[in-house]
Amino acid sequence: MKIISGPLSMFGAKVEIAAREKGIDFELAMVPFSQQRGYEPRDPDVLRINPKRQVPVLMDGDLEIFDSTQIFEYLEDIEPDPGLWPAHPRERARARQLEHCSDEVYFPHIIRLMGLESTPDDPAAQAARHEAAQYYRRMERVLADREYLAGTYSYADIAFYMAQLFGARKGAPMTKETPSLLAWRDRMTERAAVRNVAGAMARYLVSIGEAIPDFLRDID
């Protein structure tokens, strides 16, 4: 199995964490990236497999797929133990909804902050931070009676951990207003697979002179 990702790919990091949690043997290939040109020139396998020209891409024999959520589902099918979706259909549905919301409801607000780091008072930046804070409050309520977002550790946790990492980087960090969420983040950061992947991203950020969130400063 080969996973093609990028050094600052949130979605690629999600897939890598999941594969490591499951103990799957895979080759990790990082596509070229620079601050000046981004991901240009694009990797030829990424261009061939993904019409959206984006990582992550998974290659397993003659199977070639893209999209982090679709890759999650494939990993769950080929290596069901440990399960990263809850066993009960209702809880599994809730976990899938949470994973989807992390990508499609929360993260678009963080995308809007990209490029506005130097103008935090810009109305667009203020609106994006407000929406991110609203989402954090929502997740605080979700965690009121549980350690993980869907009860048991799942892809929903992996997705939101990486998304909030980018939120912290772009000026929308979680605060003491959501103590259960901060405790959840600490639990996530202590997981070996998460530390491996988030730690590599933190080291890359340091290597290019970028700041890293405080909660990653002591990561191995």
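This is a predicted model: local features need pLDDT of at least 70, side-chain atom pairs count only at pLDDT 80 or more; totals for chains, interfaces and linings use all residues.
Aspartate 67 counts as partly exposed because its relative accessibility is 34%. Aspartate 67 sits in the loop between β4 (63-66) and α3. Its phi is positive, about 85 degrees, although the residue is not a glycine. Most residues other than glycine have a negative phi, and most peptide bonds are trans.

Arginine 53 is another case of this kind, with a positive phi near 65 degrees in a residue other than glycine. It belongs to the loop between α2 and β3. Its relative accessibility is 39%, so arginine 53 counts as partly exposed.

The loop between α2 (44-49) and β3 (57-60) also holds proline 56. The peptide bond joining valine 55 and proline 56 is cis, with omega about 10 degrees. Another cis peptide bond joins aspartate 81 and proline 82, where omega is about 0 degrees. Proline 82 is placed in the loop between α3 and α4 (89-113).

β3 and β4 pair in the antiparallel sense, over four bridges. Aspartate 60 has leucine 63, in β4, as its bridge partner. The two strands β3 and β4 form a hairpin with two residues between them. In that turn, glycine 61 has a positive phi of about 65 degrees.

The aromatic side chains come next. Searching the whole structure gives 14 aromatic pairs. In one of them, the rings of phenylalanine 72 and tyrosine 155 have centres 4.1 Å apart and planes at 25 degrees, so this pair is stacked. The pair links distant parts of the chain, 83 residues apart: phenylalanine 72 is in helix α3 (residues 68-78) and tyrosine 155 is in helix α6 (residues 155-169). Are phenylalanine 72 and tyrosine 155 buried or exposed? Both phenylalanine 72 and tyrosine 155 are buried.

A further pair brings together tyrosine 136 and phenylalanine 160, whose ring centres are 6.4 Å apart with planes at 55 degrees, so the pair is tilted. This pair also links distant parts of the chain, with tyrosine 136 in helix α5 (residues 123-142) and phenylalanine 160 in helix α6, 24 residues apart. Tyrosine 136 and phenylalanine 160 are both buried. The two residues belong to a cluster linked by ring pairs, which consists of Tyr106, Tyr135, Tyr136, Phe160, Tyr161, Trp184 and Phe215.

The charged end of arginine 191 is over the ring of tyrosine 153, at 3.5 Å from its centre. Arginine 169 lies over the face of phenylalanine 166, with a distance of 5.3 Å from the ring centre.

The last feature is a contact between helices. Two packed helices are described by the angle between their axes and the distance between the axes. For helix α1 (residues 10-21) and helix α8 (residues 192-207), the axes come within 8 Å and cross at roughly 145 degrees. The crossing of α1 and α8 is right-handed. On the α1 side, the contact is made by Ala13, Glu16, Ile17, Arg20 and Glu21. On the α8 side, Ala193, Val194, Asn196, Val197 and Met201 make the contact.

Technical notes. Residues are numbered from 1 along each chain as its sequence is written. Side-chain values use heavy atoms; hydrogens and water are left out. Rings of Phe, Tyr and Trp (its six-membered ring) pair if their centres lie within 6.5 Å; planes under 30 degrees apart count as stacked, over 60 as edge-to-face and the rest as tilted. Buried means under 20% relative accessible area, exposed over 50%, partly exposed in between (1.4 Å probe, protein chains only). A charge sits over a ring if NZ of Lys or CZ of Arg is within 6 Å of the ring centre and within 35 degrees of the ring normal. Two strands pair if DSSP finds at least two bridges between them. Axes are lines fitted to C-alpha atoms, for helices over the stretch in contact, and angles run from 0 to 180 degrees between N-to-C directions. A crossing is left-handed if the near helix is turned anticlockwise from the far one by less than a right angle, and right-handed if clockwise. Contact means heavy atoms within 4.5 Å.
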